[in-house]
Amino acid sequence: MREPFYQLQEKMPHGDAMFPLKVHEVSPDSSFEEKVSCHWHEEMEFLVITQGHVSVFIDEECYEAEPGDIIFIPPDSLHSLSGQTGDEVTFFAVDFKPVLLYSLWKDAIQQKYLDRLKQGKVVFPTFIRPQEEWQREVYRLLLQIREAYAEAAAGYELLIKAKLYEIWYLLYRHAVQPSGEETDSGKVRVELMKEIIAYIQENYSGQITLEELTGRFHVSDGHLCRLFKSVTRMTMTEYLNHYRVSQSAALLAETEHDIGEIAGMVGFNNISYYNKMFRKYMHMTPKEYRAAARRTEEH
């Protein structure tokens, strides 16, 4: 089974301390509308769509992407991908820690072109559709990084780092200066959502109520509901049910627990309601999903 879901803060290592970069080839499970669930990581990411059409959510923004489109995801940004159930989606992602481009000391390059992004003084383009020449060049460079990483020939790290600097130059030339007030308020909302979603993902198997969350995070019902919808495109209840179903799907595929037991393990106390929610999000019954997952494993 392909893993369609990540925890909120992704733990997957992206390279190692000596070369903190990794190119991921990703083919999410087409059974799910949510191709990659809401998560974040400290690395920067260039995501290149290679097949299918997806909605890419970054913090409180949404981008409709198709093959050839590039999405730049800054460090620590909440992001997720969604598409139609049954649609095949593939993409590759170049993840790297910003320190890969840093100097041993703060030279002019780091101060003028690297630290300014980290400090929020400039904002790189987030959604890049290769129409202008500079955008097409970014696309070509990312394909070259992908190829160099796959081949891993002698000196490939040098080649990849050089091409990252070329991309950085192109993005810096087309960066914008943000409004400080909007940036600060947006960061506060995103950090609050990280805490709320982390709490839900850690406690999803128990009973979680809106009243509990508003009390724990000191926000009003209305503010929490609006914030939740703006970031996840779901209500709190929808997100909780969706996350529970996703966790149950992994248990159906990987364990021998009976369906009723799995429903209880992920927080559904009513088997009929669990079956209803499973069909809503998976468009099949839990039994049908388990059978399909087993057939996939056999092949």
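In this predicted model, helix H2 (residues 133-151) packs against helix H3 (residues 156-173), with the two axes 10 Å apart and an angle of about 165° between them. Angles over 145 degrees count as roughly antiparallel, so that's the label H2 and H3 get. Their crossing is left-handed. On the H2 side, the contact is made by Trp-134, Glu-137, Val-138, Leu-141, Leu-142, Gln-144, Ile-145, Ala-148 and Tyr-149. H3 answers with Tyr-156, Leu-159, Ile-160, Lys-163, Leu-164, Glu-166, Ile-167, Leu-170 and Leu-171. Sorted by class, that contact comes out at 14 nonpolar, 1 polar and 3 charged residues.

Helices H7 and H9 form another pair. Their axes also sit 10 Å apart, but here the angle is about 90°. Since 65 to 115 degrees counts as roughly perpendicular, H7 and H9 are therefore roughly perpendicular to each other. From H7, the residues involved are Glu-238, Asn-241, His-242, Val-245, Ser-248, Ala-249 and Leu-252. They meet Tyr-273, Tyr-274, Met-277, Phe-278, Tyr-281 and Met-282 in H9. This contact splits into 9 nonpolar, 3 polar and 1 charged.

H7 and H9 turn up again in the lining of the second largest pocket. That pocket has a volume of about 410 Å³. It's lined by 22 residues, and the closest to its centre are Glu-33, Glu-34, Ser-82, Gly-83 and Met-234. Which helices and strands each supply at least two residues of the lining? On the strand side, these are E2 (34-39), E4 (54-58) and E7 (79-82). The helices are H7 (236-254) and H9 (271-282). As for residue classes, the lining of this pocket holds 6 nonpolar, 9 polar and 7 charged residues.

Definitions and conventions. Residues numbered from 1 in each chain as written. Predicted model: local features only at pLDDT ≥ 70, side-chain atom pairs only at ≥ 80, totals over all residues. Heavy atoms only, no water. 1 Å grid on protein atoms, 1.4 Å probe; cavity = no way out; pocket = protein on both sides within 12 Å on 5 of 7 lines; lining within 4 Å. Points joined across faces, edges and corners; volume = space filled by probe spheres on them. Helix = DSSP H or I, 4+ residues; strand = E, 2+ residues; numbered from the N terminus. Nonpolar A, V, L, I, M, F, W, Y, C, P; charged D, E, K, R; others polar. Axes fitted to C-alpha atoms, helices over the stretch in contact; angles between N-to-C directions. Parallel < 35°, antiparallel > 145°, perpendicular 65-115°, else oblique. Left-handed = near helix turned anticlockwise from the far one by under 90°. Contact = heavy atoms within 4.5 Å.
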